[in-house]
Amino acid sequence: MTCENILSRLLRIAFAQTNRWSVILSLYTFLDLVTGVPVISSLFLTHGQYLYVPYFLRSIVVVWRIKRALNIRMDLGSDKPYDPLLMKLTLLVAYILIIVYNGMAAFQYFELMFADKNYNLIESFYFTIITVSTVGYGDISPSSIPGKFVVICLIIVVLTILPGLISDTIDTLNQKKAGGGSYRNNKEGNLVVICGVFDHLQRVKDILNGFLHQEREANGTKLLFLGREQPSMQIKVLLNTPAYKSRVTFLQGSVLDTQDLQRASIENASAVFILSDRDTEDTIEEDENNTLRTWAVHIHAPHVPIYTYNHHPFTSTNQQNVTTQTICPKEYQQALIGYNCLYRGSATLILNLLYNSQPIDKYSEPWQAQYDDGSGNEIYSGLVNPNFVGKPFALISWYIYQEFQAVLFAVNVYVNRLKAHHLVLNPGNCYELGPNDICYYISQGPQEIQDISKMTQSEFLNSLKHINYLTPSERDLLTSPHRSSRYPKYQRKSNVVEFPKFNSDIIVGQPQPPYEEPSTPLCHLLKYPINAADQLVLDDAKFMAGHVLICAGFSDPFRLICTLRAAHITESEHRQIVILRSSPPSETELKTLGVFADIFFVIGQRRSEKDLIRAGILSASRIIILRKNDFVQKHDEYVDTSVIMCNQLARRILKQHDESKYIIVEIVEQSNVKLLQASDHHSKHNFAKVFTHASSYASGEVFVDCSIDHLFYQGYHNEAIMKLVRLLCGLRSQKDLAFDTQLDITSSYLCYIQVPEKFVGKAYDALYRELAAEQGIVPLGLFRASDSDLGNTMPFVFCNPVPAILLRADDLVYVLKVTFD
């Protein structure tokens with residue numbers, strides 16, 4: 001064992017990747033030398049068997065092993081929460097036992113060897129205890145110089161180690177009474193302050209995952225929760241686990257109280273996030289309160305970036321001068337649901353790029369491996385590599401995918417005249433990358449992006465030699481600074497006249513929202529809006545075919561309609577829309593929704609079979625079931641009951657006619673996704689533990705509202721993320737299109753296409769090359785149909801597939817292209 005310890009230590013020193021001297025001078029090395037060298041030396045001495053080896057010192061390692069075991073248990077997780085106070089007490093007791101044991105062994109040995117006094121175990125234990133406790137009765141005392149040295153060392157160790165351990169244990173005990181105290185800024189890492197109500201364990205977990213994701217921990221971010229109420233015991237236990245104990249602090253206080261802001265060290269924060277209470281009944285009043293909180297933080301620390309989370313879009317008008325970013329989740333929720341209706345699974349594709357998911361340990365079906373690999377991708381950004389400057393965007397996108405399996409899909413074009421950037425999705429091969437452009441990638445991790453940024457010119461040129469797919473003109477284009485004649489710069493105006501026109505009564509414009517808002521997206525609108533409610537209300541929609549049926553509850557569907565009527569939608573994608581709800585449109589709704597073509601209402605109950613049939617469920621091509629209300633009462637565990645039962649009823653009706661119809665369900669609580677699985681005969685024997693890996697979510701049939709929170713948190717890491725999501729949902733304003741026109745750039749949109757027949761059975765990277773190099777189209781992933789070989793009874797999204805994946809005839813390819821070309 002001694003030889004093994006010595007050999008292991010030498011190997012650690014030889015292969016140390018960090019500072020080698022820190023390994024050499026560590027206490028582990030000292031223990032190995034003190035206990036190992038005498039043993040090895042005894043082999044070469046005449047009476048080496050009598051050489052004393054202080055092997056008792058290796059008991060010190062036990063404490064480190066206990067720490068490691070506790071940390072491993074925290075990392076692995078457990079259904080039963082672990083008490084952090086018990087962990088501290090365990091370590092305190094372990095330290096005391098190790099100190100007493102080493103004191104006994106050393107004192108007993110030195111007194112026997114140098115003072116010829118043989119103390120038994122009881123006497124040695126007694127002496128060590130009274131010494132450690134600093135009582136010192138004097139009835140037993142060291143007689144030798146080495147024995148006295150042992151006592152001195154023992155007292156020093158006790159006075160330096162035990163007080164800190166006891167203090168740490170008491171601090172842990174006090175933190176169970178969350179609320180008091182203040183944050184001590186040690187100026188190591190970035191401090192992010194989160195202000196709001198934290199009474200929901202899953203939301204706190206999502207916040208921790210969003211900011212402390214392991215692949216983004218390089219900046220050493222630390223979190224401080226400033227809660228309006230005391231946290232629950234579950235949240236206290238979560239924040240006191242080893243993974244978060246040193247990086248997360250919880251304080252109770254009010255953002256409007258200056259003293260609480262000082263306690264939270266707001267002025268030293270790198271960002272402040274202010275969250276509205278999403279369980280409130282009066283959402284307008286809560287947003288107004290949120291505005292006051294925003295102003296209070298800005299007055300206290302005007303230099304600190306502020307991010308606000310509101311219920312309503314119009315709230316941002318009172319916050320825009322003091323905030324860095326604001327988000328109204330309902331806007332993005334409806335936009336994603338609408339786009340998911342247009343292109344199946346697109347919401348899952350986008351949200352998986354925002355959600356920091358961990359890979360699952362075991363796959364029950366082969367399709368889960370592909371889906372899990374795709375869901376591990378995220379969005380990263382970086383300044384364009386100098387080797388790519390002057391090269392066509394889409395061609396460089398294919399090169400990056402070929403070499404790094406990362407997808408270059410967007411660019412923040414630097415506008416020299418304005419000294420600002422303009423964000424564009426795949427400008428195609430007509431655009432050449434500029435030296436100040438910021439590139440956006442889809443990748444498995446930040447390492448690939450770092451490799452792309454650091455690639456030298458020689459590495460770039462050498463890599464081109466190993467790519468067999470390059471044509472001579474493409475190779476010349478990538479290696480030469482001049483423009484290739486194969487990609488001529490052509491004039492393309494990105495204005496409204498470029499959008500598809502399929503009806504003389506329909507124009508392109510920006511609709512007037514039911515609230516004050518700086519900008520709405522460009523949509524297809526009626527030249528002559530409808531002014532009478534009876535023109536929108538139908539008694540029966542059974543005569544329709546291929547329409548979209550929206551079971552709306554009491555929620556406002558304006559944003560959803562904007563997405564379904566986006567200006568880039570073609571005639572084949574334009575479908576009639578029927579809204580089933582219990583009340584007719586109000587005057588305000590008539591004014592805002594009457595400008596859209598082919599929008600109708602059917603008055604009825606969505607949980608009535610008769611009303612669903614009247615609304616045309618049997619002939620609809622898409623069915624959307626929205627949440628009942630825009631607000632949720634506190635701790636309402638049955639908030640999704642109405643949606644789940646409506647989904648169950650719809651599937652029972654369709655079971656006798658067309659069970660394969662596409663139904664999109666909006667769920668509030670992610671834990672309720674499993675209840676949808678329970679009613680699905682495809683998956684009732686195989687429930688996913690994480691909602692992102694449920695087959696219904698992977699296929700785009702479920703939208704979980706809380707997943708949009710990650711968009712808000714990602715704004716801290718990537719300031720352009722919200723704009724990217726808007727663009728991916730096809731939402732562009734007149735201002736966006738005006739910038740495209742000025743820069744002579746063609747805007748691309750997210751859609752999907754069929755796999756060309758010649759690529760069926762071929763590798764995905766061959767299709768990527770064809771689309772990017774030949775057509776200026778950037779593919780993002782696949783939508784794979786159900787397949788017995790993969791074991792999936794439902795389709796699923798596969799983002800950024802590996803180059804060697806073989807394409808099937810029933811695959812759909814998510815691409816960024818000009819859909820109306």
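Q: Leaving aside neighbours within four places in sequence, which residues is Asn387 in contact with?
A: Asn387 is in contact with Met455, Thr456, Gln457 and Phe460, where contact means heavy atoms within 4.5 Å. This is a predicted model, in which local features need pLDDT of at least 70 and side-chain atom pairs count only at pLDDT 80 or more, while totals for chains, interfaces and linings use all residues. Residues are numbered from 1 along each chain as its sequence is written, and side-chain values use heavy atoms, with hydrogens and water left out.

Q: What does the side chain of Asn387 reach?
A: The side chain of Asn387 reaches the backbone oxygen of Thr456 at 3.5 Å.

Q: Is Asn387 buried or exposed?
A: Asn387 has 11% relative accessibility, so it counts as buried. Buried means under 20% relative accessible area, exposed over 50%, and partly exposed in between, with a 1.4 Å probe and protein chains only.

Q: Where does Asn387 lie?
A: Asn387 lies in the loop between E7 and H16. The labels are DSSP runs numbered from the N terminus: helices are H or I with at least four residues, strands are E with at least two.

Q: How many residues does H16 have?
A: H16 covers residues 393-404, which is twelve residues. From first C-alpha to last it reaches 16 Å, close to the 16 Å expected; the expected span is 1.5 Å times one less than the number of residues.

Q: Why is H16 largely enclosed?
A: Ten of its twelve residues are buried, so the rest of the structure largely encloses H16. Among the buried ones are Phe393, Trp398 and Phe404.

Q: What comes after H16?
A: Gln405 follows H16, and its phi is positive, near 50°.

Q: Changing topic, what order do the four strands of the open sheet have?
A: The order is E7-E10-E8-E9, with antiparallel pairing; two strands pair if DSSP finds at least two bridges between them. E7 (378-383) and E9 (420-425) stand at the edges with a single partner strand each, so one side of each has no neighbour in the sheet.

Q: How many bridges join E7 to E10?
A: Six bridges join E7 to E10 (residues 438-443). Ser381 stands opposite Tyr440 in E10.

Q: Which strands of the sheet does H16 touch?
A: H16 packs on the sheet and touches E8 (407-415) and E10. The direction of H16 makes about 140° with that of E8. Axes here are lines fitted to C-alpha atoms, for helices over the stretch in contact, and angles run from 0 to 180 degrees between N-to-C directions.

Note on methods. A polar contact is a pair of N or O atoms within 3.5 Å; within protein, one must be able to donate a hydrogen and the other to accept it, and residues adjacent in sequence count only if both atoms are side-chain atoms.
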